[in-house]
Amino acid sequence: MSRPESTLHGLGAEFPSAASLMHAAEKVRDSGFRKWDVYSPFPIHGMDAAMGFQRSRVSLFSLLGGITGLTSAFVLIYYTSALNYPLIVQGKPYFALEPSMPIFFELTVLLTAFGTIIGLLLLTLMPRLHHPVFNWDRFKRVSDDGFFLVLEAGDPRFEKGASRRFLEELGGSHITEIYQDPDPFPHPARPEAKGHA
Amino acid sequence: MGNPTARKTGTARRKEAIDARSHSEAAFAKAAEYIDRKPLVSNKRPLSWITDHVCRIVEQPAPLWWWIATVFFGAVAALTPAMLTYLVATGVGVWGLNVPVCWAWDITNFVFWIGIGHAGTLISAILFLTRQKWRTSINRSAEAMTIFAVICAGIFPAFHVGRIWFAWFLFPIPNANAIWQNFRSPLLWDVFAVSTYFTVSLIFWYLGLIPDLASLRDRATTRLRQMVYGLLSLGWRGSNRQWTHYEKAYLILAGISTPLVLSVHSVVSFDFATSIVPGWHTTIFPPYFVAGAIFGGFAMVLTLLIPFRELYGLHDLVTDKHIDNMCKITLLTGSLVGYAYSMEFFIAWYSGNPYEIYAFMNRAFGPYWWAYWAMITCNVIAPQLFWFKYCRQNPWVVLALVMFPNTGMWFERFVIIVTSIHRDFLPSSWGYFSPTWVDITLFIGTIGLFVFLFLLFVRFLPMITMFEVKNVTPEADPHHHGEHDSHGHASRPAPAKAHA
C-alpha cells in the first residue's frame, strides 16, 4: 500500500548493538546529514562525538537559575531584614554575610535545579507525548534493548531509494518507512501498536 | 554542504581521538581479564532480561505478601494522621515534652528521619560523581527512601510549632503583622535547607525515572497503563538528541546535590551547635551529623533492599558485591561516628568548662545512662563486626546487624537532644523527660508511613534504574566487539514473560 509522500517522517533502521549503532552514526555524520537521530535504551558513551554534537547547553540554564537563586536570596534577606522592617534581634546586625550564607546556598541550589530541569525540557522539547517514530511498531524496543537510526525526510539529502540503500550499507536491518500518522493497517497481532498515549 | 574541508578536519581529529581511546580501552579490557573483578550484573544477563525482570514487578499482579504487608503498614501509617488529629484537637500537652525538655521525641524523630534520607542522595549524587558504577542498581530505591524519609521528618517540626495553623509563618509571606522571618536564626535556615533538599531530591529522582517510565509505557498492555506511564515519561523516546541533554542535566543535578546533602544535616546540626547549651555548642557537630546520617541511611537502605531482593529475586542486579560495599560504608561511617563520640568527650574535658564536663558525664552516667550505652553498643560496637567478611557476605547476618545502627541512630539523637537539656544550668529547673503514649504511637505511625510508601513505590514504579544498569553491562560499551554479530535479536529469548 502506498501512502502520501508528504506524510513520510523518515526511514528507520535497526542495529544489533551499541557498537554497530555508533559506527553507523559516524558514517551518517560524515555523509553530511543534518536531520537524523539515533535511539537507544541508554546513553551510549561517545555517541555525541559520533553524531558530531557540540556540548549540551543545559548548563547555561543551570547557571542562569543559580544566579537568579543567589540574587533572590540576597534581595529577600536584605529587603526583609534591613530595609522593610529592620528589627534588632540579639544585638546582631540587620544584615551580615555570615548568617545569610546557608540561605544563599540553599536558594542557589534550588533555583539551579529548577533551571536545569527547565533547560532540559526546553532543549529536548519535552513533554512531547507523540512523535512519528512511535508509529513504528519495532520502535517499542527502544526502551528495552533496541538500537535504531532514523534518517528524516526533512533533510535535503534524503531520497527514499538512496537513503534506504545507505542504511543497508551501514548494516541496518528492518528498514522501515515511518509516517507522520499511525499505520492504518497495523499488524493484527499487535493492536497496541496502533496509537500512542 | 557548507564547508566540507573544515568539517573533514574536525571529523578526522575526532576520529583519531576515538580510535586512541578505543585502543586504551581495549588494553584495559585485556587487563581486566586477568583481574578477577565481579561483574555488576551477575550471570551475563542480556539487556532484555534486565528490563523484563524489573518491569514485571510492576506489571504482574501483586503477590500475596505485598497485599498483607501493604494493608498492615497502611494501618500502622494511619496512626500518624490519627495521632496528629488528636494532638491538634486536644493540645500540645498530650506530648511528653515540657520545660526544661522542650525538644524531645519530636525533634529526635525529625533528625532521625532526615538523617535516613542522606544515604539516598549520597548514592545518587556523590557515588555518581566519583564514578562508582555499583550505585546503579541501588540508587532508585535509595532515592525513593530519601523522599519518604523527608516526608516523615517534615511532620515533626511542622507540628512541633504548636499552632500548626500558623506554620506558614515559617515562609517569607507578607502578613498582617508586617514582620518578617529572622534570617539570622538557624531554625529558619533549616526550613530552607529541608525544603530545598526535598524538592531537589524529588526532581533528581523524577529525572532518573523518565527513561524507565518510558520502558513501562512501551511494555504497557492496557490503555490506562499506557496513558499514565506515557504522561509521566513526558514522551521520552531515547533519542541521542535527548540523551545528550539528559546526561548533562543529570550531571549538574548530581553536582549540586553533593554539597546539598552535606549541607542539610550541617544546617540541622546548627540548630544545636549555634546555641549555648553544654553538649550542643560544639564545632564538631556538622561533620559528625553528616557521618551519622550516612551511617544510619546506609543501614536503612540495607534494611529495605535485602528483603526486597529476596522477595523479587533480584540477586543478579543487587549482588552480594553491592551489599558488601554498603557494609563497608556502614563500617567506615560507624567508625567516624565512634570517633566523634570520643572526641566530644575529649573536648569536654580539654575545655576545662565544668558545665561542659558535667553535661557529658551526665550523658554517660546520669539518669539517661541506658540511652547513652544503647547508642554506643549499636553505633560503635555492632558495626565493627563488618570487619569480618563472613558478616558482610551473609545477607541475613547483615540484616540482623544493620538493625543496630537503625536503633542506635535514633538513640544518638535522643541522647544529644534530651540529655543535654534535661539538666539546665540551675538544678532547680532539672527534670526528667518520659514520652507519652501519643509520642510513641506517632513515631510508630511514621515508621508505618515510611514502609507503606516504600511498598507503594516498589509496586508502581521500577525499583531499579534499568537504563543505568544496562549502561554498566559489557554490551553497553560501544567498543565491545565480542559477539558483534551473533548477539542480534535471533538469540534473544522470544517470549520474555515466560519465566514468571
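# A helix, a sheet and a chain contact

Helix 5 of chain A is followed by Gly171(A), a residue whose phi is positive, near 100°; helices here are DSSP runs of H or I with at least four residues, strands are runs of E with at least two, and both are numbered from the N terminus. The model is a predicted one, in which local features need pLDDT of at least 70 and side-chain atom pairs count only at pLDDT 80 or more, while totals for chains, interfaces and linings use all residues. Residues are numbered from 1 along each chain as its sequence is written, and chains are lettered from A and ligands numbered from 1 in the order in which they are written.

Within helix 5 (residues 160-170) of chain A, the residues Ser163(A), Phe166(A), Leu167(A) and Leu170(A) are buried, a word that requires 20 or more other C-beta atoms within 10 Å of the residue's own, whereas exposed requires 12 or fewer and partly exposed lies in between, with C-beta atoms placed from the backbone.

Four strands of chain A form an open sheet in the order 2-3-1-4, with antiparallel pairing, where two strands pair if DSSP finds at least two bridges between them. Strand 2 and strand 4 of chain A stand at the edges with a single partner strand each, so one side of each is left without a neighbour in the sheet. Strand 2 of chain A is joined to strand 3 of chain A by four bridges; Asp37(A) stands opposite Val150(A), and the bridge partner of Tyr39(A) is Phe148(A).

In a regular strand the side chains alternate between the two faces of the sheet. Both faces of strand 2 (residues 36-39) of chain A are covered, with Trp36(A) and Val38(A) buried on one side and Asp37(A) and Tyr39(A) buried on the other.

Turning to the two chains, 66 residues of chain B are in contact with 67 residues of chain A, contact being C-beta atoms, placed from the backbone, within 7 Å. Helix 9 of chain B gives the most to the side of chain B that touches chain A, with 16 residues.
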